[in-house]
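Colleague: Could you take me through this predicted model step by step? I would like to see how each answer is reached.

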Amino acid sequence: MPSSITCTSLSFTWSDGTPVFEDLDAAFGPGRTGLVGVNGSGKSTLLKLIAGELTPADGDVRVAGEVGYLPQNVTLDTALKVDVALGIAAQRAALHAIEAGDVAEEHFETVGDDWDVEERALATLGELGLGHVELDRTIGEVSGGESVLLRLAALLLRRPDVLLLDEPTNNLDLYARRRLYSAVESWPGVMVVVSHDRELLDLVDQIADLRSGEITRYGGNYSAYEEALATEQEAAERMVRVAEADLKKQKRELVDAQVKLARRKRYGQKMWDQKREPKIVMGARKRAAQESAGKHRIMHEEKLADAKDRLDEAVEAVRDDDEIRVDLPYTAVPPGRGVLTLRDLELVYGARVAGLDLHGPERIALIGRNGSGKTTLLRTIAGELAPVAGEATAHVPLRFLPQRLDVLDDELSVAENVARFAPGATNNRIRARLARFLFRGARADQKAATLSGGERFRAALAALMLAEPAPQLLMLDEPTNNLDMASVRQLTSALESYEGALIVASHDLPFLESIGITRWLMVEEGELKEITPEAVGYSA
């Protein structure tokens, strides 16, 4: 039987009563499927249900074949040896015992048919750019990005029939991403990947769009999906215009019909008052007119109700493309104004910056390998870490949004979190500003702990952007991690209207391209260097 995933009438609700799915049907066969949808739509939850990490409230999940699952947040015990993390420690020990002359039966049972497991492990590590990682090293000696690749290597060595990947490129540098792309391209079985990474999604065979608890399939990669979706949306918007015109027409016809019926009623009453016809004839005519009027009114009211229903259906088919709006005049930085000065800076983990001057509303991309010191540099500029030597001086108000989004207090609402950063602002002013970040009405009263990844990012961004004094230097560390495509577009829109200086550490080249980067800086071999866009594969 070929490998496959089948979900039938799947329902799932969180312990607090929040529903995620109700009677969801889904199937995934051989090939690579990109699972997309807005933050909070249930993509990660669906993968966990398929992987068996969550139990559905109702319905069935059936998987033909062995499942391998790479979760969104990979955590590995830093004391583990690499061969243990790869799941091959027992086979290696048995092989080494046999090679040393110990022919105990349990060693052969442990090895089974996997006599080349060590060679395969080293080859897999090499393919993922981890050729320098020795099997006897401990996990604590590898970077966060390498930990993700190690977890992927463990899955590839198991050779599962079904591979589930949840945001696999998060925290991977450009080089590690290229290795992961190659592994995805060569995958022979069933793969379902949740990602916001356009380059990765352009490697899949089909897109499954999870929206409002239902999955719609589109053949081809993400670029083909966007084209198909754009065509659908154009048609949906046309249907809205047609439905609106029909609704206006039905309203006019109902009014016209009511006017005509009123005239008939006045004429009949006049005839009755003047007694121009026999009473029995006038009574029969009055009853017939009333019946006719009633049928006429019901017909037009039904047509009007149908027109309203068609309009509602048409509007529902058009996606909500709300954009974050940021109009903060006090964030503007005049050209030539000094924003940041770095001099003879030595960071706590060894990286150095001989000198850097940032002026006016420049937009800087900060790139480099995992563990090169990008986050350390941003934290040092933000004042969270003290430099070993040298100076980092900001000449304007600055704010730093870290990867962990830990600027929010989970016990407070969105509005209360923003109030912490702007204590002088009134509640009405805070809520008016939050509406521009798509937190309208009751949404501003949501606890931070209940927010999805994209909502949490918007709330954290709102808290920093609405802070007092307004930030004229904004620093973002991997801002697109865990954001769906709609949220990335919203972030891009917000940054387009931001008039201050910007420093963004990111491995997401399409995103960096979209926000108008003016300078490219790379942390490499412990030094901060200015490079050209072409050096990182970016076409200016």
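Colleague: Which residue in strand 4 does I5 stand opposite?
Modeller: Strand 1 covers residues 4–13 and pairs with strand 4 in the antiparallel sense, over six bridges. Within strand 4, the residue that stands opposite I5 is V63.

Colleague: What is the order of the strands in the open sheet, and which strands stand at its edges?
Modeller: The sheet is an open one of three strands with antiparallel pairing, and its order is 2-1-4. The strands that have a single partner, so that one side of each is left without a neighbour in the sheet, are strand 2 (19–28) and strand 4 (58–64).

Colleague: What angle does the direction of helix 1 make with that of strand 1?
Modeller: Helix 1, which is made of residues 43–51, packs on the sheet and touches strand 1, strand 2 and strand 4. Its direction and that of strand 1 make an angle of about 115°.

Colleague: Is helix 14 roughly parallel or roughly antiparallel to helix 15?
Modeller: Helix 14 (residues 453–465) and helix 15 (residues 485–496) pack with their axes 10 Å apart, at an angle of about 15°. Because angles under 35 degrees count as roughly parallel, helix 14 is, relative to helix 15, roughly parallel.

Colleague: How many nonpolar residues does the contact of helix 14 with helix 15 have?
Modeller: Helix 14 contributes G454, F457, R458 and L461, while helix 15 contributes S487, Q490, L491 and A494. Sorted by class, the contact has one charged residue and three polar ones, and the number of nonpolar residues is four.

How values were computed
Residues numbered from 1 in each chain as written. Predicted model: local features only at pLDDT ≥ 70, side-chain atom pairs only at ≥ 80, totals over all residues. Heavy atoms only, no water. Pairing = 2+ DSSP bridges. Helix = DSSP H or I, 4+ residues; strand = E, 2+ residues; numbered from the N terminus. Contact = heavy atoms within 4.5 Å. Axes fitted to C-alpha atoms, helices over the stretch in contact; angles between N-to-C directions. Parallel < 35°, antiparallel > 145°, perpendicular 65-115°, else oblique. Nonpolar A, V, L, I, M, F, W, Y, C, P; charged D, E, K, R; others polar.
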